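Colleague: I would like to go through this model with you, one point at a time. Please end each reply on the value or name I ask for.

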2 protein chains.
Amino acid sequence: MLVNGREMRSLWFEDGVLKLIDQRKLPAEVEIFVADDVEKVAYAIREMVVRGAPAIGCAAAYGMVMDGDVAKKAMLLKSTRPTAHDLFHAVDYMVEKIGQGKDAVKAAHEYVESIIDRCRRIGENGRKLIKKGMRILTHCNAGALATVDYGTALAPIRMAKEMQPFVWVDETRPRLQGLLTAWELEQEGIEHAVIADNAAGHFMRKGEVDMVIVGADRIAANYDFANKIGTYEKAVLAKENGIPFYVAAPISTFDKSIRSGEEIKIEERDMEEVLGIYPWRPKKARNPAFDVTPAKYITGIITEEGIIEVNE
Amino acid sequence: MLVNGREMRSLWFEDGVLKLIDQRKLPAEVEIFVADDVEKVAYAIREMVVRGAPAIGCAAAYGMVMDGDVAKKAMLLKSTRPTAHDLFHAVDYMVEKIGQGKDAVKAAHEYVESIIDRCRRIGENGRKLIKKGMRILTHCNAGALATVDYGTALAPIRMAKEMQPFVWVDETRPRLQGLLTAWELEQEGIEHAVIADNAAGHFMRKGEVDMVIVGADRIAANYDFANKIGTYEKAVLAKENGIPFYVAAPISTFDKSIRSGEEIKIEERDMEEVLGIYPWRPKKARNPAFDVTPAKYITGIITEEGIIEVNE
C-alpha cells in the first residue's frame, strides 16, 4: 500500500526487529512502533498497535523469531488476543517449522508472503468485476492495514485503480473503522466519500451505488458469513435494490465445521464503544460487534482461488 | 412529558413571557430559556433552542403575542428558519386571528393546545398496537421535545407505558437525535437501549424487535414519506424480517400536492455534521439529512383521526 507516496506494508521485519505502523495513532498520525523482543510484539498485539486477524498472525510469526524459549514465546503470544484464529494458526505454524529445524526468520517471511500473496490474488480475481467509473460501497476496513498489504475487500479496488472507481465508505459505527478505509484510499489517490451508515440505503435507492464489496470474519459451510456489525443491513439493502454484493476473503476464512450462520456466536462488546462520542450518558446501550449475513444476500465470494458464485 | 418527575412541556407561556427547555443543552443539562420579546423568540427558533417543526410553530405563535407591530413581528419570525412549514402556518394563523380582533394570547394558546391534542390522539390511537412487553424500535427523535408534548412516534409508547414496552433507540447519526429520545424515555421510566444504527438490522434478524414506529417530515399522496436519514434502511429491514412498520404523524404532515416520494427534494447538509466526531479529517463526506421511504414498506400511518392501513 502507499503511505505518503511510498510503498509500505502495515508491518515488516528489518535488522532483526519488527516494525509496525501504529494503528492506535492512525489515521491522525503515521508512527512506526518498533518491537525488538517477543514481549514488545505481544504488547503490540494486545494493545492493538496491529489490528486485523491476518496482520495479527503475521506479527505473531515475527514474534516467534525473537530470542527466547520457543514454548514460552508461543504461550505468551497466544495469550494476547484469545479470539483471533489467525494468531493461533501462525504461532503453531512457527512452532512446527522451528521444531523441524527450519530457519525461523525464513519461515516467518514465508508465512507473511503467503498471506500477502493471497490478498494480491483476491485483488486480481476481483478487479475483473470493476468496470470503468463504478461506484462501490464498502463497510468497515478490510484493507492493507488489516492484512499487511492489499487487503481483502480493498484489494480489487486498489488493483482496479485505472478504472477510476469511486468508493462510498460507511463510517462504521461504533468504532469508525471506515476512517482507516478512507485513509488508505486517500493514500492511493482513489476517489471516495465517507457517509454515516444511515445514508448507505439512501444512495443505493437513488441508483448511486453499483456494487458492494465487504470482508468477512468467518464464512460457514452454507456461505452465511459473519462480519462487522451493519454488514447485514447493507446486504439486505443491496439485494432490495438489485445491487451485486460481494464478499472478499481468503480460503482460510471458510470454516467448514460451521454449517450455517446460526452457529456463529456474536461477540457483544463494552457499551463504552458506543457511548464514547456522546455528550450525555444514556443508562443503557447494546453493542454487538458483528452480525451474520445469510448466504441468500451474497452475489459471490472473491477468494485467491477464484470467485465463488453464490447467487446469480 | 415528565422532566425530573415533574409534568412539563417543551415550551410554555407564563407571566407574559415564553419559556422553553433549551434543546441546545439537552440532554446533558435541563435549562430554561426565557424569551420576553419577539426578538428573543426569533433567536430561540434560529439558534435551535427549540427544534422540531410543530414545536417551532408553537414558539412562533407565542412570538406573535409579544409587543410590536404585527406585520414586522410576522416577518421577523418567518425569517428564522425558512424551510419549516409549521412556522409559516402558525404565524399566518396568528396574523389572521389578530386581524379578526381576537385576543392574541388566547389564539396562541388555542393553536398550541390543538397541536398537543393531535399528538395526544395519535398516542391514543397508536397505543392499541402495543402489546404487553413489546420491543419497539424507533429512529431519530419524534418525541415531546419536537411537538411541545407527547410527540408523534413516542406518543403511543408513552401512553402504553403500563404495557411495559422496551424501546430500541437508534442513535441516529450524524446528529445523534436518538439521545433526545433516550432522555425522554429515561424521564418517563420506560425501558430502552441505545444502539449504533448499524445494529438495528441485527436485532431485527434475531427476532428481538416486534414493531418499528417512526415520525415523518412529509407524506406524499401515495404515502411515500420523507424522514430522518436512515429511516428507509430500517423500513426495508423491517419488511424483510416481517416486522410491522408504523409512521406516526398528524394530518398536517400529509402533502397532497406531492404525488410520490420521488418529488421530495432531499436536503444535503454541511459535511461537518458527519466529520465533527472524527479524530481525523477525511477529504470528503456526503450528508443527506433525510431519505424517502416508499409506501410499500409501511404497515400503517398513525394519525389523530385513526390508523391508515397502508399494507397489511
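Colleague: Which side chain of opposite charge is nearest to Lys73(A)?

Modeller: This is a predicted model. Lys73(A) is buried and has no salt bridge. A salt bridge would need a side-chain nitrogen within 4 Å of a carboxyl oxygen. The nearest side chain of opposite charge is 6.8 Å away, and that is Asp67(A).

Colleague: Which backbone oxygen does the side chain of Lys73(A) reach?

Modeller: Lys73(A) lies in helix α3, residues 70-78 of chain A. Not counting residues up to four places away in sequence, Lys73(A) touches residues including Val38(A), Gly63(A), Val65(A) and Met66(A). At 2.7 Å, its side chain reaches the backbone oxygen of Met66(A).

Colleague: How many residues does the contact between domain 1 and domain 2 of chain A take from domain 2?

Modeller: Domain 1 of chain A covers 2-119 and domain 2 covers 125-309. Their centres, taken over C-alpha atoms, are separated by 25 Å. The contact takes 25 residues from domain 1 of chain A, and from domain 2 of chain A the number is 17.

Colleague: Which residues of the largest nonpolar core touch the most other members?

Modeller: That core has 60 residues. Leaving aside neighbours within four places in sequence, Val247(A) is in contact with residues including Val214(A), Ile219(A), Phe225(A) and Ile298(A). The residues that touch the most other members are Val212(A), Val247(A), Val212(B) and Val247(B).

Colleague: What is omega for the cis peptide bond that joins Arg173(B) and Pro174(B)?

Modeller: Most peptide bonds are trans. In chain A, a cis peptide bond joins Arg173(A) and Pro174(A), with omega about 5°. Pro174(B) lies in the loop between β7 (166-170) and α8 (178-188) of chain B. For the cis bond from Arg173(B) to Pro174(B), omega is about 10°.

Colleague: Is Met48(B) buried or partly exposed?

Modeller: Met48(B) is in the loop between α1 (38-46) and α2 (53-63) of chain B, and its phi is positive, near 65°. Buried means under 20% relative accessible area. Because its relative accessible area is 22%, Met48(B) counts as partly exposed.

Colleague: What is the relative accessibility of Gln164(B)?

Modeller: Gln164(B) is placed in the loop between α7 (154-159) and β7 of chain B. Its phi is near 50°, a positive value in a residue other than glycine. Gln164(B) counts as exposed, and its relative accessibility is 52%.

Notes. Residues are numbered from 1 along each chain as its sequence is written. Chains are lettered from A and ligands numbered from 1 in the order in which they are written. This is a predicted model: local features need pLDDT of at least 70, side-chain atom pairs count only at pLDDT 80 or more; totals for chains, interfaces and linings use all residues. Side-chain values use heavy atoms; hydrogens and water are left out. Helices (H or I, at least four residues) and strands (E, at least two) are DSSP runs, numbered from the N terminus. Buried means under 20% relative accessible area, exposed over 50%, partly exposed in between (1.4 Å probe, protein chains only). Lys and Arg count as positive and Asp and Glu as negative; His and the chain ends are not counted. A polar contact is a pair of N or O atoms within 3.5 Å; within protein, one must be able to donate a hydrogen and the other to accept it, and residues adjacent in sequence count only if both atoms are side-chain atoms. Contact means heavy atoms within 4.5 Å. A nonpolar core is a set of buried Ala, Val, Leu, Ile, Met, Phe, Trp, Tyr and Cys residues joined through side-chain atoms within 4.5 Å. Domain bounds come from an automatic or database domain assignment.
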